[in-house]
Amino acid sequence: MSDNIALVRKSFEAISTWDIDDLLTLYHPEVEFLPLTGTRVETGGYRGHDGVRAYVAEARDLWDVLEPDGNHYEDLGDRVVVGGTCRVRGRASGAESVPACGWVIGLRDGLIVSHRACSTLEEAEKLAGVQRA
């Protein structure tokens, strides 16, 4: 497993355990964070450590469980494309879902500089410029 993939896996573990302090050690101070949900998605997502903290606070209000789980990782050097699922359970409703998801995680100098969630692996691959035969 490459260092980049190990870093992305570690970030998913931190998200799954709501460990914001550990997560921020993996993220560049000016990280661009664009999840599928959140109050800032339509306006360009969340920026920097303060933005990630704001997203996590929002997510904790909505979700009792938020567990990204990658089962396909492709290291493209400056980014990792991930395919998998994201288990969520509503805090108020208790309703649970495990939708398919994809991610494009940008990396530089051993830190995550961008985190973008997509609805599918195919969408993430397209966003990352992956060409399939």
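A residue is called buried here when its relative accessible area is under 20%, exposed when over 50% and partly exposed in between (1.4 Å probe, protein chains only). The model is predicted, so local features need pLDDT of at least 70 and side-chain atom pairs count only at pLDDT 80 or more, while totals for chains, interfaces and linings use all residues. Residues are numbered from 1 along each chain as its sequence is written, and side-chain values use heavy atoms, with hydrogens and water left out.

Cys86 is buried, at a relative accessible area of 10%, and Cys101 is buried at 7%. With a disulfide taken as a pair of cysteine sulfur atoms within 2.5 Å, the count comes to zero. The sulfur of Cys101 lies 5.0 Å from its closest cysteine sulfur, that of Cys86, which is too far for a bond.

Attention now turns to the nonpolar cores, each a set of buried Ala, Val, Leu, Ile, Met, Phe, Trp, Tyr and Cys residues joined through side-chain atoms within 4.5 Å. The largest has 31 residues, of which Tyr27, Val52, Leu66 and Trp103 touch the most other members. Apart from it lies another core of six residues, including Val104 and Val130.

Glu125 counts as buried, at 8% relative accessibility. Beyond neighbours within four places in sequence, Glu125 is in contact (heavy atoms within 4.5 Å) with His72, Glu74, Val81, Val130 and Arg132.
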